[in-house]
Amino acid sequence: MDLSLTPAELEFRDELREWLAANRPGPEPGDTEAAIDHRLAWQRTLFDAGYSGIAWPREHGGRGATQMEQAIFNEEMVRARAPAPANIIGLVMGGPVVITRGSDEQRARFLAPILSGEEIWCQGFSEPNAGSDLAALTTSAVQAEGGWVVNGQKVWTSFAHRARWCMLLAKTGDDQRHRNLTFFILDMKQPGVEVRPLRQATGDSEFNEIFFDNAFVPDENVVGAVGDGWNVGITTLMFERAGLSAASALAIQLKLDDLAALIRDRGLQDDRSLSRRLAALVIATETMRLNGYRGLTRIIEHGVPGPEGSIAKIQWADINQRVGELAMDVLGGAALLADPVWTRWMLRARANSIEGGTSEIQRNILAERVLNLPRMR
Ligand SMILES: Cc1cc2nc3c(=O)[nH]c(=O)nc-3n(C[C@H](O)[C@H](O)[C@H](O)COP(=O)(O)OP(=O)(O)OC[C@H]3O[C@@H](n4cnc5c(N)ncnc54)[C@H](O)[C@@H]3O)c2cc1C
């Protein structure tokens with residue numbers, strides 16, 4: 001693991017820092033919808049400056065950045081406290097899947113509006129009875145003239161209420177389990193699609209239920225082969241996991257600085273129990289950051305993400321939740337007044353050990369693939 005930057009990487013970082021200093025957006029609004037608009041405007045600014053989808057190949061509208069440049073980019077965004085772009089699912093999963101598994105026509109149709117944020121994407125995988133076990137999903141797609149008719153229900157679909165396209169996994173045959181799934185790009189703006197927002201513990205509605213009642217997907221929007229949706233879907237999850245890196249640890253470090261300031265503001269700097277918990281979090285976060293670099297080194301050397309992604313996912317969820325709990329103890333009774341920053345953090349962090357694959361599932365992955373323990377089933 002070599003953490004020093006080459007002259008070219010240093011030049012890339014300095015140029016980006018200078019650009020960020022001049023273009024950094026103002027603070028994000030508290031309201032969810034206004035925050036999405038704020039992030040959309042930010043994505044457009046990034047796009048206009050050539051910083052949207054920087055790791056995408058140049059021929060597909062990206063910047064062809066190396067893994068190291070991507071890592072530098074992520075860290076500089078965090079350091080500048082810039083928000084994530086609005087179309088994060090399109091940038092991190094939808095686009096890469098279309099690039100690696102899609103047809104030339106799909107690349108020509110879908111990639112540019114993902115980069116600019118003109119068309120938001122959502123991920124329709126989870127269902128009421130299929131989350132960790134995606135192969136159990138029951139939403140069906142039946143062949144009709146020129147395409148497929150979709151019926152069923154998805155749940156927890158982030159940004160579905162703002163999305164134009166849904167990466168949909170649906171059953172296309174009676175064959176057993178993995179072999180009967182197909183990956184579709186479904187148009188959300190059609191009569192057979194109903195989106196119902198779900199209210200979270202934070203009070204926000206980031207995610208939704210989607211109901212499909214004879215919705216239609218034309219043949220040209222099937223990604224990969226019919227029946228190969230499991231493999232295409234796994235590609236998206238790999239990108240999702242690979243995206244969690246040292247930059248997430250840096251974001252937590254900044255949050256820990258804020259938490260230390262809160263402890264001082266409330267005159268609690270001499271409370272040894274609080275200080276010990278804060279110190280343990282600083283150490284855990286540094287471990288996570290270094291593990292992120294180890295994962296990055298592996299991707300650079302071998303081209304594929306290793307188990308570090310699962311370790312980072314567990315660490316990220318665990319640390320975020322402990323940060324929220326410590327903040328609640330620092331605030332004491334004041335936390336009951338729904339402090340807008342820390343109470344929200346504590347509540348939102350509960351979802352971190354569920355979204356993107358639960359901590360239990362990540363532990364299974366580590367048990368089976370790293371420790372070579374027997375498979376669960
Ligand atoms: C904020 C948020 C955003 C999300 N956004 C999206 C989205 O945009 N698109 C989308 O498709 N989904 C999304 N999800 C859904 C998410 O992917 C699922 O919630 C997750 O995969 C878990 O599935 P589940 O909720 O069905 O729980 P289940 O799979 O039913 O799990 C219930 C419990 O059992 C445990 N468990 C299950 N199987 C095992 C096992 N084999 N071994 C040990 N323990 C096990 C789990 O860890 C969990 O604790 C989102 C979720 C959240 C919280």
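**Helix packing and ligand site in a predicted model**

Helix α3 passes helix α7 in a right-handed crossing, where a crossing counts as right-handed if the near helix is turned clockwise from the far one by less than a right angle, and left-handed if anticlockwise. This is a predicted model, in which local features need pLDDT of at least 70, side-chain atom pairs count only at pLDDT 80 or more, and totals for chains, interfaces and linings use all residues. Residues are numbered from 1 along each chain as its sequence is written. Helices (H or I, at least four residues) and strands (E, at least two) are DSSP runs, numbered from the N terminus.

**Domains**

- The chain is assigned domain 1 (7–86), domain 2 (121–235) and domain 3 (244–369); such bounds come from an automatic or database domain assignment.
- The centres of domain 1 and domain 2, taken over C-alpha atoms, are 29 Å apart.

**α3 with α7**

- The axes of α3 and α7 (residues 246–265) come within 8 Å and cross at roughly 15 degrees; axes are lines fitted to C-alpha atoms, for helices over the stretch in contact, and angles run from 0 to 180 degrees between N-to-C directions.
- α3 and α7 are therefore roughly parallel to each other, as angles under 35 degrees count as roughly parallel, over 145 as roughly antiparallel, 65 to 115 as roughly perpendicular and the rest as oblique.
- Ala71, Asn74, Glu75, Val78 and Arg79 of α3 make the contact with Ala246, Ala247, Leu250, Ala251 and Leu254 of α7; two residues are in contact if their C-beta atoms, placed from the backbone, lie within 7 Å.
- The contact of α3 with α7 comprises 7 nonpolar, 1 polar and 2 charged residues, where Ala, Val, Leu, Ile, Met, Phe, Trp, Tyr, Cys and Pro count as nonpolar, Asp, Glu, Lys and Arg as charged, and the others, Gly among them, as polar.

**α1 with α3**

- Helix α1 (residues 7–23) and helix α3 (residues 67–79) have axes that come within 10 Å and cross at roughly 30 degrees, and the two are therefore roughly parallel to each other.
- The contact joins Glu9, Phe12, Arg13, Leu16, Arg17 and Leu20 of α1 to Met68, Glu69, Ile72, Phe73 and Glu76 of α3.
- By class, the residues of the contact of α1 with α3 are 6 nonpolar, no polar and 5 charged.

**α4 with α5**

- The axes of α4 (residues 88–101) and α5 (residues 104–116) come within 10 Å and cross at roughly 165 degrees, so these helices are roughly antiparallel to each other.
- α4 passes α5 in a left-handed crossing.
- Gly90, Leu91, Gly94, Gly95, Val98 and Ile99 in α4 meet Gln106, Arg107, Phe110, Leu111 and Ile114 in α5.

**Ligand site**

- The ligand is surrounded by 20 residues, the closest being Phe125, Gly131, Ser132, Thr358 and Glu360; a residue is near a molecule if its C-beta atom, placed from the backbone, lies within 6 Å of it.
- At least two residues of the shell around the ligand come from each of β1 (121–124), β3 (147–158) and α11 (359–369).
- The shell divides into 8 nonpolar, 10 polar and 2 charged residues.
- Domain 2 and domain 3 both give residues to the shell, so the ligand lies between them.
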